[in-house]
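Subject: Structure for you to look at

Hello,

The structure I promised is below. My notes on what was found in it follow.

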Amino acid sequence: MKEYSAVTNLFSQNIDKISEELTLFLKTIKTNPAEITTIRLNVEEVLLRFRDSFGENVPVSVQSKKILGQRTIVVSVEGKECNPFESDDELGIWMSSILSHLENKPSYYYSHKTNTVSFKVSRKKINPFILLLISIAFAVVAGFLGRFLPDNLRLQIADNILAPVCSTYINVLCFCGIPLIFLSVCLGVIGVGDIQAFSQIGIGMIKRYMFYLLIAGIVALGCSLPFFNLQFGHGNVTFDATNIFTIIFSWCPTNLLVPFIDCNAMQLIIMGVVFGMGILKLNNKGKYIYGVFNDLNSLMLMVSGGFTTLIPVFVFFTLVESILKSDVIVLLQAGKSLLITSSVQILFVMMLAVVVSIKSRVKIVLLLRKLSDLFLISFGTNSCSASIPEHYQLSSSKLGIPENTFSFGIPIGTSIFKPATAIRYLILTFFMAVEYNICVAPSWLIMAAFVCVFLSVASPAIPGGALLLCPMLFAQLGIPAEALGQMLATDVFFDAVCTALNQVSVQLVLADFAISRKTIKEDILKK
């Protein structure tokens, strides 16, 4: 299909003509009607801004191009630097409001004395849920067919082909996501405006995260106990806090590079807070550093967003590897624990959704539909890093959460707020206590709830991160070390569900926080 191209002066009739021709072109390529309206309005306003700055006789170019397969509308005009999206007048404010509803926000750059604005036109997308179901179906068929292969060959395929592919993809996602944690926290602190405002928002947000985390522990304790025939008695398990404090002290970064190399989210968050507060104190001197960090953040969001398109492929390889390597009998034995855990986790998320729905007066069905893409991406990749771009898109364009809230709240939340993980830990301890005939006292239940909630905060927000702290969890609660082998076989299924529900919970708490502060953008939330 022939691309659109027009070069004309900035007279009013010419701007109207470009608007009509561009609308017709977008309809021809079957662009979403709502997106056509938004792009048309924004192109018109950009042309008006350029006319106000350069006059009516200056030529302007409006073209459609395909850049790396992405169709883009490009508006360019020669002259002095003029960013049409930066203005304090009413038109600039109106433009910012319109742009906040645009899924693919335009980009501006100035090069060779030419001002250029680009608008991405969304590609046609197959429903991600359908793609995920297709990927899972093919993986299940391929995995169970592969189990008919000789054991040596089956394990070689899993270990030498599938495992490296999966680990490489996870490494790429971490390459994108780990810097985003530092940059997002830093920019979030700066975006609050001053130290006093940061203290109010930051402390309030963390308090809310911890409150709902305790609620998750109480819900798990109350809902799951009736399903486990625990042996109650005096018990002989004592509490040792040494390892707990070791984890707390390990959050302090030792140098600038190690947190990035080790993918240590808590250290990156602390670094981001320190750097952000430092830049705030620099006042005008820090604006150049802020500009660099902001550009790096945009770059990493764009790169990581591109890699998430490979999610269905990654899901296929991950499930096939798991089926080839896992003992099917062990998987079936853990079915009860998986069913109870998932049910309690979903119950907690639904409770959060009901709270937000009531406070915002938004139908819960609409709220859950907006959260569905984040759930699918997190479940498919089993990675917090991969879901970060969708987090930001969801907060700004679908839930109406202000930037000074989500830019700080998302990295903090994905690192410390893991209610589904806390629920998983607690129910796992009950399951293992029954399996290994451990006699427990009422104090053991209180200790179990406390340890599980705390370790969920400390567990790394990476695929398989929960496994790293399970030896400590079992040791604290008197569960034999051999129980780890039974857990390893089913970890991929538990971990994927926990990751997805944790990410959804973060967004719900952020929305609840914004509603309580009356900063939520209701027109976006209710749209």
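K359 and D512 form a salt bridge, with their closest N and O atoms 2.7 Å apart; the term means a side-chain nitrogen of Lys or Arg within 4 Å of a carboxyl oxygen of Asp or Glu. K359 lies in helix α13 (residues 335–360) and D512 in helix α21, so the pair ties together parts that are 153 residues apart in sequence. Helices (H or I, at least four residues) and strands (E, at least two) are DSSP runs, numbered from the N terminus. D512 counts as buried because its relative accessibility is 1%, whereas K359, at 42%, counts as partly exposed. Buried means under 20% relative accessible area, exposed over 50%, and partly exposed in between (1.4 Å probe, protein chains only). R208 joins K359 and D512 in a network of salt bridges.

Please note that this is a predicted model: local features need pLDDT of at least 70, side-chain atom pairs count only at pLDDT 80 or more, and totals for chains, interfaces and linings use all residues. Residues are numbered from 1 along each chain as its sequence is written, and side-chain values use heavy atoms, with hydrogens and water left out.

The whole structure has seven salt bridges. In one of them, the side chains of R71 and E3 meet at 3.0 Å, N to O. R71 is in strand β3 (residues 70–78) and E3 in the segment before β1 (5–9), so this pair ties together parts 68 residues apart in sequence. R71 is buried, at 15% relative accessible area, while E3 is partly exposed, at 27%.

Next, the nonpolar cores. A nonpolar core is a set of buried Ala, Val, Leu, Ile, Met, Phe, Trp, Tyr and Cys residues joined through side-chain atoms within 4.5 Å. The largest has 87 residues, and among those that touch the most other members are W444 and I401. Helix α21 (residues 491–516) gives the most to this core, with twelve residues. A second, separate core of 28 residues includes L22 and Y108.

S505 is also found in helix α21, and S505 counts as buried because its relative accessibility is 1%. Leaving aside neighbours within four places in sequence, S505 is in contact (heavy atoms within 4.5 Å) with F348, V349, L352, F417 and P419.

Finally, helix α17 is mostly covered, with 15 of its 17 residues buried. N437, which follows α17, has a positive phi, near 50 degrees.

Regards
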